[in-house]
Amino acid sequence: MKVAVGQFVVGPVWQENAATCVRLMAQAAQKGADLLVLPEAVMARDDNDPDMSVKSAQPLDGGYVQLLRAESRKSGMTTVLTLHVPTHDGRAANTLLAIRGGEVAASYQKVHLYDAFSVQESRLVDAGERVAPLIKVAGMNVGLMTCYDLRFPEMALSLALNGAEVLVLPAAWLKGPHKEAHWATLLAARALDATCYVVASGECGAKNIGQSRIVDPLGVTVAAAAEVPELIFAEIAPERVAAVRQMLPVLSNRRFAVPQML
């Protein structure tokens, strides 16, 4: 399977952000990608207004998703990203979408909200209550995660035990002391915990690190971006997952029960 990861700076005008997503989708499809992962919260962002993402939330039948669905009809590629969907009373859900063939093939409401490092995502965002089902892309089982989920090994393990071979992660990883090291370490750790590929997109800009990565099941980075807008590619294969799991059978050697949602 050929995977692509696009990172860009999300701005305050949703139409411009949607146009960027459409452009990256077209470029990735033209290069034969089966899967494209884009960042978290791509609807709208303003560095001077931390509530912009929620204020700009649109329903799934809104203009933003309609533009992405229209572009997705042009190829068989699956595109994964997150945006905010209104819930009630000025609140929203941070919602991951997998779009393919003009339809929303799967969705996932972020369960681990980023109430850390002096940020309180839960102030205006409603947490999800379930782990997303796996989706099939080019014959591989893909598990869905979002940003802060990366810090919770139980989630990656649960997805792997359900059959995931690839974990995808749209993110907007904030800059800060040691944060780049956390990102790199956690991506490798989750790949090793689950013996899965990890395909992670990080928004770039004044407050976020970018640094999208594609990591193989032994924790080796096979493709990476820096801090600027970029589109990266890698070939991944189920045979590599199978070979690593034979060599490093942590999923079958474990002595603890399957993780469950609280």
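**Exercise 1. Classify the burial of Asp-49 and identify its salt-bridge partner.**

Solution. Step 1: Asp-49 has a relative accessibility of 17% and therefore counts as buried, where buried means under 20% relative accessible area, exposed over 50%, and partly exposed in between (1.4 Å probe, protein chains only). Step 2: the partner of Asp-49 is Lys-55, with the closest N and O atoms 2.9 Å apart; a salt bridge requires a side-chain nitrogen of Lys or Arg within 4 Å of a carboxyl oxygen of Asp or Glu. Step 3: Lys-55 is exposed, at a relative accessible area of 59%.

The model is predicted, so local features need pLDDT of at least 70 and side-chain atom pairs count only at pLDDT 80 or more, while totals for chains, interfaces and linings use all residues. Residues are numbered from 1 along each chain as its sequence is written, and side-chain values use heavy atoms, with hydrogens and water left out.

**Exercise 2. Determine which parts of the chain are tied together by the salt bridge of Lys-110 with Glu-121.**

Solution. Step 1: the closest N and O atoms of Lys-110 and Glu-121 are 3.0 Å apart. Step 2: Lys-110 lies in the loop between β5 and β6 (115-116), and Glu-121 in the loop between β7 (119-120) and β8 (135-137), so the pair ties together parts that are eleven residues apart in sequence. Helices (H or I, at least four residues) and strands (E, at least two) are DSSP runs, numbered from the N terminus. Step 3: Lys-110 is buried at 2% relative accessible area, and Glu-121 is buried at 14%.

**Exercise 3. Carry out the analysis for Arg-240 and Asp-216, then state which residues form a salt-bridge network.**

Solution. Step 1: Arg-240 forms a salt bridge with Asp-216, the closest N and O atoms being 2.6 Å apart. Step 2: Arg-240 belongs to helix α6 (residues 238-247) and Asp-216 to the loop between β12 (213-215) and β13 (221-224), so this pair ties together parts that are 24 residues apart in sequence. Step 3: Arg-240 is partly exposed at 31%, whereas Asp-216 is buried at 5%. Step 4: through shared partners, salt bridges join Glu-40, Lys-110 and Glu-121 into one network. In the whole structure, a search finds ten salt bridges.

**Exercise 4. Compare the span of helix α5 with its expected value and list its buried residues.**

Solution. Step 1: α5 (residues 179-194) has 16 residues and reaches 22 Å from its first C-alpha to its last, close to the 22 Å expected at 1.5 Å a residue; the expected span is 1.5 Å times one less than the number of residues. Step 2: Lys-179, Trp-183, Leu-186, Leu-187, Ala-188, Arg-190, Ala-191 and Ala-194 are buried in α5. Step 3: just after α5, Thr-195 takes a positive phi of about 45 degrees.
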